[in-house]
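Biologist: I would like to learn how to read a model like this one. Could you take me through it feature by feature?

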Amino acid sequence: MNFNKIYALGLRHLYLIMNSFPRVLDLIYWPTVQIFLWGFISKFFTLNSDYYNNTVGIILTAAILYDFLFRASISFNMMFLEEIWSRNFTNLFIAPIKIREIIASLTLTAILRTLIGLVPAVLISIPLFGVSILKLGLPLLFLLISLYLFGVSLGLFVTSGLLRFGPSFENIAWASLFFLAPLGCIYYPIEILPNTLQILAKGLPLVHIFEEMRSILINEQVNYYNILKSIIISIVYFILGVIIFYASYYGAKKRGTLINMGE
Amino acid sequence: MHLEVKNLTKIYNKYIAVDNINFKIEKNKTIGLLGPNGCGKTTSIGMILGLISPDKGEILINDKNINIYKRDEILSKLNFASPYVELPKKLTVKQNLEIYGRLYGIKDLEKSIYEISNDLDIKKFFERKTGELSSGQKNRVALAKSLINKPKILLLDEPTASLDPDIGDFIRSYIQNYKSKNDVTILLASHNMNEVERLCDSIIMMRSGKIIDQGTCTELIKKHGRNNLEETFLKLARGADEFQ
């Protein structure tokens, strides 16, 4: 791995953000709207629901963590789509940068985009709704690592689809996370799902992450085994994502689609 | 560096895009790759650049198959410019050159960018976004990017397409001048016959994925009994019977 090249590709996306105020605004706007929306819903539920009684901020914390996942995945996809939109694919893929360096750069730069969007929203939620995700304590770090790995894995699956099917796969990029949201048990316990779906849901790290989040906030108990399980599942998805990305890249070379990829 | 292509073939489904082509470009020579649209020029360039996997045949650089080299080792010695491939539009010219300079691992990047920008007269729009430039300016920036690593093998796909005669001449003069001062082997795909006559040591004519003739411009014009390269091109592109 050549870190100068990883940095160069990251710099390309950093310049893109820095060159455009509307782009920065766009990154911050949606997470903030989410926080406002879920903040008010959360406030209503804490006042009117037995389940959430006296546990201020469970829904809002879930919304923030889910948004973290969403932003991580979308950031990864967006950076890849930028190369397609700008018709820069050929230049990128003939540059002496390894495929693993491209993946590493997108993975590392995605966190920057994610944090630009999410940090202001998280900070707003503290004075506005009296909710801080920092209440989760040290486990928060591990939950975020798991979420981030899974978000990037989803990004890898979608970008593999873009390599395989071209820009027409773009709509899937936007919809990808919504497919999994019902199974992720973000806002409700897994018992709500039918038995068959529960089996599927347990194959996702999301269930373990959000179950653990609720356990910490409601019961004030941390089960590191569950957190570890979620991280291991995320790592498995990440490895799978990398394999599929490589397969799509070699498939695109065979089909000759890399040279004409563009809007 | 010299480049050789042996029995190169690419088939998409049942369509033969490139059909068993063979050619060699000696070190520091410029070869023109000519042919009508869809004859397989871009696919051939794509295979040399490693963007398309050949179904058959091999590409040799300095007598070694490119698959033997490490991907980044060989790509650091190559570069490519085409008006159909763009640099990120929302980045300034300077930012784009900086990023590609870093990707190509250029040591003294500031100096390299300064020199190439002076030579190609692009400093005056250094801070402008690449997407805001005119076609001529974009082509010059694309050429600057393609020379940032001082490539030993340079592939140019219609470098003066859609440019006015003045800018077109500027770019052709620049390439001529650059080649006289640097060790570089060039493969030039073009539809501009004057450009080909001016820049190329010899030419390869393609049609329907095959090489149908090759030689120097003078040789081909004489061989096919035409007055100039354009007429020769038309004869070869259309097929002898149709032209006559």
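**Overall shape of chain A**

Modeller: With 263 residues, a compact globule would have a radius of gyration near 18 Å, and chain A, at 19 Å, agrees. That radius is taken over C-alpha atoms, and the globule rule is 2.2 Å times the number of residues to the power 0.38. Please keep in mind that this is a predicted model, where local features need pLDDT of at least 70 and side-chain atom pairs count only at pLDDT 80 or more, while totals for chains, interfaces and linings use all residues. Residues are numbered from 1 along each chain as its sequence is written, and chains are lettered from A in the order in which they are written.

Biologist: How many helices and strands are there in chain A?

Modeller: Helices (H or I, at least four residues) and strands (E, at least two) are DSSP runs, numbered from the N terminus. Chain A has 10 helices and zero strands. Its C-alpha atoms fill a box of roughly 60 × 45 × 30 Å along the principal axes.

Biologist: Which residues have the most contacts inside the largest nonpolar core?

Modeller: A nonpolar core is a set of buried Ala, Val, Leu, Ile, Met, Phe, Trp, Tyr and Cys residues joined through C-beta atoms within 7 Å. Buried means that 20 or more other C-beta atoms lie within 10 Å of the residue's own, with C-beta atoms placed from the backbone. In this model the largest core has 132 residues, and Leu65(A) and Leu147(A) have the most contacts inside it. Helix H3 (residues 58-85) of chain A gives the most to this core, with 18 residues.

Biologist: What does Leu147(A) touch?

Modeller: Two residues are in contact if their C-beta atoms, placed from the backbone, lie within 7 Å. Leaving aside residues up to four places away in sequence, Leu147(A) touches Leu65(A), Phe68(A), Leu69(A), Ala72(A) and Ile209(A).

Biologist: How many residues of chain A are in contact with chain B?

Modeller: Here 25 residues of chain A are in contact with 29 residues of chain B. On the chain A side, the largest share, seven residues, comes from H1(A).

Biologist: And where do H4(B) and H5(B) meet?

Modeller: Ile116(B), Ser117(B) and Leu120(B) in H4(B) meet Arg140(B), Leu143(B), Ala144(B) and Leu147(B) in H5(B). By class, that contact has five nonpolar, one polar and one charged residues; Ala, Val, Leu, Ile, Met, Phe, Trp, Tyr, Cys and Pro count as nonpolar, Asp, Glu, Lys and Arg as charged, and the others, Gly among them, as polar.

Technical notes: A residue is buried if 20 or more other C-beta atoms lie within 10 Å of its own, exposed if 12 or fewer, and partly exposed in between; C-beta atoms are placed from the backbone.
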